Amino acid sequence: MPSTLITVAPTGAETARADFPQLPTTLQELVETAQRCEGAGAGLIHVHVRDPEAGHAPTLDPVRLRDTVQALREATDLVVQLSTGGSVRDPLEKRLTVLDAEPDSCSLTCGTVNFGDDVFLNPHGFMSDLYVRAQEQEVVPEFEIFELGHLASLSRLIDAHGLPFGGKVHVDFVTNVPGAMPGTVEALVAGAQMLPAEVTSWSATGIGRAHLPIAAAALAMGGHLRVGMEDNLMMARGQQVQHNAELVERAASLATTMQRPPMSTDEARELLAVKD
Ligand code: KMH
Ligand code: ZN
C-alpha cells in the first residue's frame with residue numbers, strides 16, 4: 001500500500017506569538033512539538049526559528065539554527081528541514097547561510113511571489129546560488145511552488161546545474177497565499193500536470209481555509225501532505241488549533257482512510273534521499 005509523507009510546519013515566520021500564544025517558538029516547545037508530531041505520523045519537520053529574547057521574532061541567527069537542528073536530531077528521527085525563505089524582511093545573503101547549520105533538507109522557493117501585502121523575493125541568481133550550495137553541502141532541497149510559473153524556474157535550475165544532492169526532486173505546492181496560486185483543486189491539478197519529468201514526489205498545503213480541501217485533493221491525486229500552524233491556525237470555524245499534533249493527527253487519519261497511511265521516518269529519508 002503506498003504511504004504518505006506528512007510534513008509538519010509548526011511555526012512559520014508570519015504569526016506573532018503575542019497573537020497566538022500556542023504557537024511553538026522556544027527550542028523546548030519546538031522539540032516537544034516535534035516529538036508529539038512524530039508520534040502522530042509526521043516524517044519531516046519544516047522549521048522557522050524564533051528568538052524568544054526578541055519578542056519571539058523570526059531569526060536566522062546561525063547559533064540558534066545549529067542548536068535547533070541538533071536538538072531535533074537528538075529528540076526525534078524526523079527529517080529536519082530548515083526554511084531558507086525566512087521572513088519577507090530577511091536579506092538574501094543571510095538566507096543562503098542557513099545551510100551552514102547542516103540540516104537534512106532546506107526549502108528552496110522557485111521564484112518571487114506576491115505574499116499578502118508583501119513580496120517574497122527569490123530572484124534567479126539567489127535560487128541558483130542556493131541550489132548549488134545545497135548540492136555542495138549535501139543538503140536535499142524541497143522546491144516550494146507558490147505559482148505555476150515556478151515550475152519553469154525549477155526546470156531551469158535542473159537544466160543548468162543537474163539533479164540536487166541525492167538525485168531525487170521533491171516539490172511542495174504552497175497554495176492559497178493571498179495574491180498567489182489559489183487553493184483550489186483546479187490549480188493543484190494544473191500544477192501536477194505541469195511537473196517537470198525529473199520530479200520524483202510532491203506534496204501540497206493550503207493556507208488557511210484551503211488546508212483541508214487541498215489535503216484531500218493531494219491524497220486523491222497521489223501527492224503527499226504538509227500541515228501545521230505555519231499554514232493554518234484553525235481546525236474549523238471558531239476552533240483554533242491548540243497544538244500542531246492535532247493537524248498531524250487529522251492528516252494521518254485522512255491518509256489512512258484513503259489507504260495511504262503515514263510513512264515512517266525511514267521511508268521519508270528514502271523518499272527524499274537525505275544524507276545518512
Ligand atoms: N515566510 C515566507 C516569507 C519557506 O519557508 O521557504 C516564506 C516561507 C517559505 O515560509
Ligand atoms: Zn516556511
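Where is the place of Ala273? Ala273 sits in the segment after α9 (265-272), and the legends below return to that spot at the end. This is a predicted model, in which local features need pLDDT of at least 70, side-chain atom pairs count only at pLDDT 80 or more, and totals for chains, interfaces and linings use all residues. Residues are numbered from 1 along each chain as its sequence is written, while chains are lettered from A and ligands numbered from 1 in the order in which they are written.

**View 1. The whole chain, to get your bearings.** The protein chain has nine helices and 14 strands, where helices (H or I, at least four residues) and strands (E, at least two) are DSSP runs numbered from the N terminus. Its radius of gyration is 17 Å, close to the 19 Å that the globule rule gives for 276 residues, so the chain is as compact as a globular protein of that length. (That radius is taken over C-alpha atoms, and the rule is 2.2 Å times the number of residues to the power 0.38.) Along the principal axes, the C-alpha atoms fill a box of roughly 45 × 40 × 40 Å. Of the 276 residues, 49% count as buried; buried means 20 or more other C-beta atoms within 10 Å of a residue's own, exposed means 12 or fewer, and partly exposed lies in between, with C-beta atoms placed from the backbone.

View 2. Beyond its neighbours within four places in sequence, Val248 is in contact (C-beta atoms, placed from the backbone, within 7 Å) with Ile6, Val8, Cys37, Ala40, Gly41, Ala42 and Val227.

**View 3. Helix α7 against helix α8.** The axes of α7 (residues 211-220) and α8 come within 10 Å and cross at roughly 35°; axes are lines fitted to C-alpha atoms, for helices over the stretch in contact, and angles run from 0 to 180 degrees between N-to-C directions. Ala215, Ala216 and Leu219 in α7 meet Ala251, Leu254 and Ala255 in α8. By class, this contact has six nonpolar, no polar and no charged residues. The buried residues of α7 are His211, Ile214, Ala215, Ala217, Ala218 and Leu219, and their cover includes β10 (170-175), α6 (185-193), β11 (201-206), β12 (224-227) and α8. Just after α7, Gly222 takes a positive phi of about 90°.

**View 4. Helix α1 against helix α2.** Helix α1 (residues 27-40) and helix α2 (residues 62-75) pack at an angle of about 35°, with their axes 10 Å apart. From α1, Leu27, Leu30, Val31, Ala34 and Gln35 meet Asp67, Thr68, Ala71, Leu72 and Ala75 in α2.

View 5. Glu138, found in the loop between α4 (124-136) and β9 (140-145), has phi near 60°, a positive value in a residue other than glycine. With 14 C-beta neighbours inside 10 Å, Glu138 counts as partly exposed. Back in the segment after α9, Ala273 has a positive phi of about 60° although it is not a glycine. Ala273 is partly exposed too, with 18 other C-beta atoms within 10 Å.

Methods. Two residues are in contact if their C-beta atoms, placed from the backbone, lie within 7 Å. Ala, Val, Leu, Ile, Met, Phe, Trp, Tyr, Cys and Pro count as nonpolar, Asp, Glu, Lys and Arg as charged, and the others, Gly among them, as polar.
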